[in-house]
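Dear colleague,

I am passing this structure on to you, with notes on what was found in it below. Please read them with the model open beside you.

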Amino acid sequence: MDIADSMVSLARRYNRYGERCKYHVNKSDNLGLFADDTFDFVYSLIVLQHLEPRFGKRYIAEFVRVLKPGGVVAFQIPSAYLGRTPRPFARLLRGLSSKVIRPLMEMYCIPPAEVFEVVAGAGAQMIRIFNDGACGPDYESCHYVVYKPR
Ligand SMILES: C[S@@+](CC[C@H](N)C(=O)[O-])C[C@H]1O[C@@H](n2cnc3c(N)ncnc32)[C@H](O)[C@@H]1O
């Protein structure tokens, strides 16, 4: 699932699994196109980091909602900015450079305590968390593995 038509078009073009694999464009702030308890496994990598935390947290709760009881969600999101340039200044520089060099790629972090709170609030259990280095040296990036009890 992706917000961008272009990404989903490319995914469909390169699909090697026929009807077994379906790709969806979703431009809403939820996963309402899927019913509760639909999937055995939900996975998200280097996507939530581009969403404002209020939307990222909503998606995490939605991952749990669409998961079947007994299923697992794995997702990645940065927990902290570690860059040497103070974050507000870094954002300003990136904002200015985006006007003249290239579009701005927004990056957001969610502290693990807040991720735990969302997961518990959605009725699931955190079973594993580890650093995955997915965002390079300027960020601490966490991978979370979550279980939805039967
Ligand atoms: C860095 S790419 C990662 C793509 C893929 N997950 C991977 O690992 O190769 C980030 C993707 O997130 C998508 N994206 C950004 N905001 C989104 C949103 N609100 N809902 C769904 N996809 C979103 C972008 O269109 C882009 O394709």
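**Overall architecture**

The secondary structure of the protein chain comprises 4 helices and 4 strands, where helices (H or I, at least four residues) and strands (E, at least two) are DSSP runs numbered from the N terminus. Along the sequence these elements follow the pattern α-β-α-β-α-α-β-β. Please keep in mind that this is a predicted model, in which local features need pLDDT of at least 70 and side-chain atom pairs count only at pLDDT 80 or more, while totals for chains, interfaces and linings use all residues. Residues are numbered from 1 along each chain as its sequence is written, and side-chain values use heavy atoms, with hydrogens and water left out.

The C-alpha trace of the protein chain spans about 45 × 40 × 25 Å along its principal axes. Of its 150 residues, 31% count as buried, a term that stands for under 20% relative accessible area, with exposed meaning over 50% and partly exposed lying in between (1.4 Å probe, protein chains only).

**The core**

The largest nonpolar core has 22 residues, and those with the most contacts inside it are Leu48, Phe63, Phe75 and Val115; such a core is a set of buried Ala, Val, Leu, Ile, Met, Phe, Trp, Tyr and Cys residues joined through side-chain atoms within 4.5 Å. Two or more residues each come from helix 2 (53–66), strand 2 (67–81), helix 4 (112–121) and strand 4 (139–147), and helix 2 gives the most, with 5 residues. Leaving aside neighbours within four places in sequence, Phe63 is in contact (heavy atoms within 4.5 Å) with Leu31, Val42, Ser44, Leu48, Val73 and Phe75.

**Thr38**

Thr38 lies in the loop between helix 1 (5–14) and strand 1 (39–44), and it counts as partly exposed because its relative accessibility is 31%. The side chain of Thr38 reaches the backbone oxygen of Ala35 at 2.6 Å. Beyond its neighbours within four places in sequence, Thr38 is in contact with Val66, Leu67 and Lys68. Thr38 and Ala120, by comparison, are 82 residues apart in sequence and 19 Å apart in space, C-alpha to C-alpha.

**Contacts along the chain**

Finally, among contacts in the protein chain between residues at least 6 apart in sequence, 68% join residues at least 24 apart.

With best wishes

Terms used
Polar contact = N/O pair within 3.5 Å; in protein donor to acceptor, adjacent residues only side chain to side chain.
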